[in-house]
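Hi,

Here is the structure I said I would pass on. Have a look at it first, and then read my notes below.

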Amino acid sequence: MKELVEAIRAQGKGIGTDIVKVDMFLNHRLDTDLFVKMGQAFADAFKPETPDIVLTVEASGIAAALTTAMACGNVPVIFAKKSRTRNVTGDVYESTVFSFTHGVENHIRVAKDYIPSGARVLIIDDFLANGEAAQGLCDIVRQAGAEVLGIGVCVEKTFQPGHQKLEDDGYKVVSLAKIKGIANGQLIVDD
Ligand code: 5GP
């Protein structure tokens, strides 16, 4: 997606050899116009399919999930929670995800009530690296007896194996921008 690629080129930075920092518009300060366009791009990419639910994981997936859900006809967004909280009571679907950026295992969970069996679920996240977050979300959808319609990510790092793993699992994966590598703090963006 042209606008996202331009923003990455203008404002993105590389940290070490594998971390992409896009805090200026995607992860800390949110460029709302860009998020609205990304939501529409995901809705278009999965047409004619339309989801019943957009599913993501807190916190950095929520903004893109919200604009996608709005572009898909104002369907609900569910974000998996990473911590056990008193807000999520009763039965939950749970999966274990290794966090690439934090280097720890997270248990992600969604209240069973919110994913009806048979629901058509579109998974959205900000980044795709090793595919752990998306695989954990797919696992939760499977536990619910619902269907993964596809997986949309704003930024894919093509030098990491997530996309291939998800395709091998049989899922359609759409990424709006692709980063091929990082050299001396500079991002090498795919055109
Ligand atoms: P995966 O589970 O595919 O290994 O990693 C995806 C998750 O880790 C995303 O939810 C995202 O929040 C985080 N992530 C992975 N790589 C990066 C990165 O290079 N930059 C940022 N900001 N987040 C990342």
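Ile140 sits in helix H5, where helices (H or I, at least four residues) and strands (E, at least two) are DSSP runs, numbered from the N terminus. With 0% relative accessibility, Ile140 counts as buried; buried means under 20% relative accessible area, exposed over 50%, and partly exposed in between (1.4 Å probe, protein chains only). Which residues does Ile140 touch, not counting residues up to four places away in sequence? They are Tyr93, Glu94, Ser95, Ile108, Arg109, Val110 and Ile115, with contact taken as heavy atoms within 4.5 Å. Ala65 is 75 residues from Ile140 along the chain, and their C-alpha atoms are separated by 17 Å.

Before I go on, some housekeeping. This is a predicted model, in which local features need pLDDT of at least 70 and side-chain atom pairs count only at pLDDT 80 or more, while totals for chains, interfaces and linings use all residues. Residues are numbered from 1 along each chain as its sequence is written, and side-chain values use heavy atoms, with hydrogens and water left out.

S5 and S6 pair in the antiparallel sense over seven bridges; two strands pair if DSSP finds at least two bridges between them. Ser95 stands opposite Ile108 in S6. S6 is mostly covered, as five of its seven residues are buried.

Now for the sheet. It is open, has six strands in the order S4-S3-S7-S8-S9-S10, and its pairing is mixed. Strands S4 (77-80) and S10 (186-189) are at the edges with a single partner strand each, so one side of each has no neighbour in the sheet. The twist averages 30° from one strand to the next; axes are lines fitted to C-alpha atoms, for helices over the stretch in contact, and angles run from 0 to 180 degrees between N-to-C directions.

S3 and S4 run parallel, joined by four bridges, and Leu55 has Ile78 as its bridge partner in S4. Ile78 and Ala80 make up the covered face of S4, whereas Val77 and Phe79 are on the uncovered one. S7 (residues 120-128) and S8 (residues 147-157) are also parallel, over eight bridges, with Asp125 opposite Val153 in S8. Helix H3 (residues 32-46) packs on the sheet and touches S7, S8 and strand S9 (173-183), its direction making about 135° with that of S8. Helix H5 (residues 132-143) lies across S3 (53-57), S4, S7 and S8, at about 165° to S7.

Another buried residue is His163, with a relative accessible area of 15%, in helix H6 (residues 162-168). Leaving aside neighbours within four places in sequence, His163 is in contact with Leu128, Glu156, Val173 and Ser175.

Last, the largest pocket. It is lined by 31 residues, and Ser60, Ser99, Thr101, Asp126 and Phe127 lie nearest its centre. (On a 1 Å grid over the protein atoms alone, a pocket is an open set of points where a 1.4 Å probe fits, with protein on both sides within 12 Å along at least five of seven lines; lining residues have an atom within 4 Å of a point.) Which strand gives the most to the lining of the largest pocket? S7 does, with four residues.

Cheers
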